[in-house]
Amino acid sequence: MTTARPSPPADVATVRARPFDFALQPGRAALVLIDMQRDFIEPGGFGAALGNDVRLLEAAIAPARALLDAWRARGWPVVHTRESHAPDLSDCPPAKRGRGTPMLRIGDAGPMGRLLVRGEPGCEIVPALAPLSGELVIDKPGKGAFHGTPLAAELQRLGAAQLVFAGVTTEVCVQTTMREANDRGYDALLVEEATASYFPEFKAATIEMIVAQGGIVGWAAPLDAVLSALPPLEPRE
Ligand code: TIU
């Protein structure tokens with residue numbers, strides 16, 4: 001059975017998404033780039049220490065950059081997050097640091113500095129996506145970006161009503177944050193090519209979980225569906 005949906009207001013950008021169109025509100029949809037850090041994407045970081053093939057994450061960089069360029073060109077809100085800890089690890093629960101048998105643990109020194117520690121080279125966002133001054137950077141001690149951070153207050157300050165997600169990894173920090181956002185009343189859209197996992201089958205399953213049951217967590221759409229729906233740029237003076 002199909003249910004009639006009310007028509008969206010005239011000023012929304014309609015993104016062809018699953019499980020149904022996403023009515024993007026220009027200027028009120030924040031782009032949230034999750035943890036596009038050297039520690040997850042480059043060899044010698046935290047992702048590699050967990051035994052993963054980090055090359056699988058590179059594919060998300062160019063699509064994420066395309067979104068970032070589109071948001072920046074329109075002056076819309078952008079949020080970068082970093083999974084990171086204080087140098088004394090006071091915000092890293094022992095249960096998190098002690099989990100499993102990695103080659104190196106959070107806080108141990110690797111070729112890009114101490115893993116997931118703020119201020120270390122590996123903790124930085126990859127150069128192609130480096131934040132511009134004035135863009136919000138949220139350092140988060142957990143997998144979700146709302147836990148233990150000022151993100152909720154900052155989104156309110158920015159006037160963000162919707163969240164468009166990219167970043168890594170799909171089933172860990174991206175999905176956790178989308179679920180947190182969903183519980184806080186945000187409409188959340190995941191851009192499929194702009195997210196990646198060390199486990200491609202987990203990425204695919206996560207997208208299905210998000211859009212199942214009428215969008216139980218949110219929406220998913222291909223990059224082109226998002227970019228082609230955006231309003232044209234205002235001509236510059
Ligand atoms: N290990 C893994 O897949 N992800 C993380 O530990 N953090 C994020 O997803 N950012």
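Which element gives the most to the lining of the largest pocket? In this predicted model, the answer is helix H6, with 3 residues. H6 spans residues 170-183. Helix H4 (94-97) also gives two or more residues to this lining.

The largest pocket holds about 460 Å³ of space. Its lining comprises 24 residues. Those closest to the pocket centre are Phe46, Leu50, Glu83, Lys143 and Val172. By class, the lining divides into 12 nonpolar, 4 polar and 8 charged residues.

The ligand takes up the space of this largest pocket. Around the ligand stand Asp35, Phe40, Phe46, Leu50, Glu83, Lys143, Val168, Thr169, Val172, Cys173 and Tyr198. This shell contains 7 nonpolar residues, 1 polar residue and 3 charged residues.

Glu83 places a polar side-chain atom 2.8 Å from a ligand nitrogen atom. At Val168 the backbone is involved: one of its polar atoms is 3.2 Å from a nitrogen atom of the ligand. On its own, the ligand has 280 Å² of accessible area, and the protein covers 92% of it.

Definitions and conventions:
Residues numbered from 1 in each chain as written. Predicted model: local features only at pLDDT ≥ 70, side-chain atom pairs only at ≥ 80, totals over all residues. Heavy atoms only, no water. Near = heavy atom within 4 Å. Polar contact = N/O pair within 3.5 Å; in protein donor to acceptor, adjacent residues only side chain to side chain. Areas by Shrake-Rupley, 256 points an atom, 1.4 Å probe, with all protein chains shown as cover. 1 Å grid on protein atoms, 1.4 Å probe; cavity = no way out; pocket = protein on both sides within 12 Å on 5 of 7 lines; lining within 4 Å. Sits in = over half its atoms within 2 Å of the grid points. Nonpolar A, V, L, I, M, F, W, Y, C, P; charged D, E, K, R; others polar. Points joined across faces, edges and corners; volume = space filled by probe spheres on them. Helix = DSSP H or I, 4+ residues; strand = E, 2+ residues; numbered from the N terminus.
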